[in-house]
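Subject: Handover of a structure for your review

Dear colleague,

My notes on what was found in it follow directly after.

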Amino acid sequence: MTSSTIPPWAALDIPTETPTIPAPPVAADILAGLNPGQRQAVTCTAGPLLVLAGAGSGKTRMIVNRIAWLIREAGAAPEEIFAVTFTNKAAGEMRERVAGMIGMAASRLWIGTFHATCARLLRRHGSLLGYSERFIIYDDKDQISLLKEILREMNIADAVLRAETVRAVIDDAKNKGRDSRRFADRAATFQDKQLATIYQLYQERLLACDAMDFGDLLLQTVRLFTDHPEVLEDCRRRFRYILVDEYQDTNEVQYRLLALLASEHRNLCVVGDDDQSIYSWRGARLKNILDFEEDYPEATVIRLEENYRSTQKILAAANRVIAQNRERKGKDLWTRNPEGELLGFHIAADEYDEARFLVRQIRESGRDYADVAVFYRTNAQSRVLEEVIGQAGIPYTIVGGFRFYDRAEIKDLLAYLKVINNPRDAVSLQRIINTPPRGVGKKSVEAVRQWQSGEETGFLDAAREWAVSAVGGGTAAARRAVGELATLLDDLHARRDNLLPSEILKQVIAATGYVDWLLEGSESRHQGESKKENVEELINALATWEQGADAPDLGAWLEDIALVSAPDRRDDDHLARVTLMTLHSAKGLEFPLVFMVGMEEGLFPNRNCLHRDADLEEERRLCYVGMTRAREKLYLVACRSRRFQGARLDNKPSRFLFDIPRELIEVETGGSAGPPPYRRRFAGGGSAAASAGAAAKVRQSAPSTAETTAASVPAAGRGAYPVGSKVEHGVFGPGVVAAVEGAGDDTKLVVIFRDRGRKKISLRYARLTRC
DNA sequence: AGAACGTTCATTTTT
DNA sequence: TGAACGTTCT
């Protein structure tokens, strides 16, 4: 029997409760077309299992079939299976594919990201921890607002401790499973103790706002399990089979959650690739996957090393790059695919030239735009690419970057909805208390805050009371305005269960004159119109969501949009557009034609990662991830010169290029409009970048751009180091002057160092030479 | 209270 | 280079 005998929709008409599910296909169906390793991974259902799944090794297919196998052959009920994915989109796709094999029962599976699943548990049981079931999820911007407030109150100057720094510290602590108390216990230095105080205060504020940040979703779940064993017991019993995808990117808290859930039945299957661990900055621990066999000594280990995605040449190049790493289990991907074309390689003059090269190659390739992807290391690189590609008339889509939900007008309206959903959300209320402007300035906001402190009330309660109070400061106009706002929010809060969320949104817009304010306040008509369109798009998005939801609830929608990731937001692929995204967003995807741009020292590997081996290895993994996305053709592109933070830098080709054997590479001249052909210079052997480096060097001695020309520079004083001049620092090494401040003895230079980034240098003390 | 100006910082990646 | 913030001015 083949899978086509039972179409995916066959079971859809059958109610979930009805036991008359279509006759289960025989086991061969699930295993058909799988290689021996995949088969073993699918059928090995008892005990811990580690599947080391190389890039393009058919991992998703294996997971889907395993779930089907568990249900059909191992007698598991769908609700006993808990599958963790890295993105919500992956979760949705997985559920769909399982549904194609087992039908409607798939809707009873627990599939989701750690964050989404934890949020679900916390909504149910959060009251045990003091949160309501409607708690709000704060994103990093909300975190920073709250922390800024706290720092202000503690009279800690921005120069001493930045909110962003504190946020990173707290995040890191949470990823490691440290709550504010444990953090305080380990704090030894003055600064750590100060941070501990802030952490604690921050946590109290979150609770008062009925809010959790991303880290809390995980950490509070651990707390829930530890403090309330009956909940843990319940979950343990429920989740008899646990499956974790992208295990190499799990952090310490996630590790502990899994240990808590799986310690009894030990049916824990983790799937991952140590060579694709790229989220250490988010707390991911490579150790989790490297040590799995120690954590679970009875574990079965399966390696999937046959690649079904890329050509032999692409794979060979990627293998050589990743082979340089030490912290890895070690594996070699192989493929039965054709040998394929050589990797394309190009050095552009600057970032605009780089973008033009893309345009030419994309056109020449004659491919569908949807087949093409461009990967870069940092979001900032997308601006020029967008500009040039867009002007060339090539349709493109950007994954991640400046997000729709980050736009000011969207955040404003979301803040209204958040307060209506949960009146304790003080951060959101402060955002909208004077937006659109209603005469409530800093003083009045401060007065409301004063009013609140002392009482155990929410911020909206405080605002309402303040508005009608006889004392408490503030102008009469401000009080009236706050009173009106409170009435509006109260009213919509009271009716939130009887109104569709989109209706609530429309009423907010109508009552506040929000769109009118947008149109008046914008610099240009065009800008105003664009913002108005965004608002309309928000209403549409919400209305669309309502149609798909069985019980359209404002809180549920707010949670959904809080937990979507950049890859989640990717348009469906059928659109004929070139895809632009960061290397991080590219994980898990594949494209026939891939360009990796900005392959330069300092950018990729990034200058911030040059000083620690572990960081450098992660950059290398990132490179490996990017390369293994390509099915048929891969281009690697670098620039000789690039503008960075206002200064123009001359970069060397990335060290990763040096790892690729010369014979796998073909140097592209970029067509007639490009720089002179380098091909001749590559006659010899050696690695690609050795040649590339030579080429770059040759070019560097050629006439340079206006910014770096020394001709117009005065000979003495501060003029000795004009903007754009290259310098060498005794400690920081080579760099470029980005700005000059002050004069005479007091002159300070802003220098971008190749390996250390931006630094401010006092000319009086610095050991600096011009070169 | 709100606009306009100046200063400062950042760019590594994001659930 | 540019956004985001804080200060000053109206």
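Two strands are said to pair if DSSP finds at least two bridges between them. Strands of a sheet pair through backbone hydrogen bonds, either parallel or antiparallel. Please bear in mind throughout that this is a predicted model.

The seven-stranded sheet

With that definition in hand, seven strands of the model form an open sheet, in the order E13-E14-E12-E15-E16-E11-E19, and their pairing is parallel. At the edges stand strand E13 (396-398) and strand E19 (665-667); each has a single partner strand, so one side of each is left without a neighbour in the sheet. On average, neighbouring strands of this sheet are turned by 25° against each other, direction ignored.

Within the sheet, strand E12 (residues 372-376) pairs with strand E14 (residues 578-582) in the parallel sense, over four bridges. Tyrosine 376 is placed opposite threonine 582 in E14. Helix H16 (residues 351-365) packs on the sheet and touches strand E11 (343-348), E12, E14, E15 and strand E16 (630-639). The direction of H16 makes about 155° with that of E16. Helix H27 lies across E11, E12, E15 and E16, and runs at about 145° to E15.

Phenylalanine 604

The loop between strand E15 (591-596) and helix H27 (613-627) holds phenylalanine 604. Is this residue buried or exposed? Phenylalanine 604 has 0% relative accessibility and therefore counts as buried, the cut-off for buried being under 20%. Apart from neighbours within four places in sequence, phenylalanine 604 is in contact with Arg377, Leu583, Met596, Gly598, Met599, Glu619, Leu622, Cys623, Ser654 and Phe656. Leucine 206 lies 398 residues from phenylalanine 604 in sequence, and the two are 37 Å apart in space, C-alpha to C-alpha.

The six-stranded sheet

A further open sheet is formed by six strands in the order E3-E2-E6-E7-E1-E8, with parallel pairing. Its edge strands are strand E3 (110-113) and strand E8 (300-304), each of which pairs on one side only. From one strand to the next, the twist averages 15°. Strand E2 (residues 81-85) pairs with E3 in the parallel sense over four bridges, and threonine 85 stands opposite threonine 113 in E3.

Serine 725

Serine 725 is located in the loop between helix H28 (688-700) and strand E20 (726-729). With a relative accessibility of 4%, serine 725 counts as buried. The side chain of serine 725 reaches the backbone oxygen of proline 722 at 2.7 Å. Leaving aside neighbours within four places in sequence, the contacts of serine 725 are Gly735, Val736, Val737 and Arg770.

The surroundings of DNA strand C

Which residues surround DNA strand C? They are Lys148, Arg643, Gln645, Gly646 and Arg758. Of the atoms of DNA strand C within 4 Å of the protein, 42% belong to sugar or phosphate, and the rest belong to bases.

Chain A overall

Chain A contains 28 helices and 24 strands. Of its 771 residues, 53% count as buried. Among the contacts in chain A with a separation of 6 or more, 74% are accounted for by residues 24 or more positions apart.

With kind regards

Definitions and conventions. Residues numbered from 1 in each chain as written. Chains lettered and ligands numbered in written order. Predicted model: local features only at pLDDT ≥ 70, side-chain atom pairs only at ≥ 80, totals over all residues. Heavy atoms only, no water. Helix = DSSP H or I, 4+ residues; strand = E, 2+ residues; numbered from the N terminus. Buried < 20%, exposed > 50% of the residue type's maximum accessible area, 1.4 Å probe, protein only. Contact = heavy atoms within 4.5 Å. Axes fitted to C-alpha atoms, helices over the stretch in contact; angles between N-to-C directions. Polar contact = N/O pair within 3.5 Å; in protein donor to acceptor, adjacent residues only side chain to side chain. Near = heavy atom within 4 Å.
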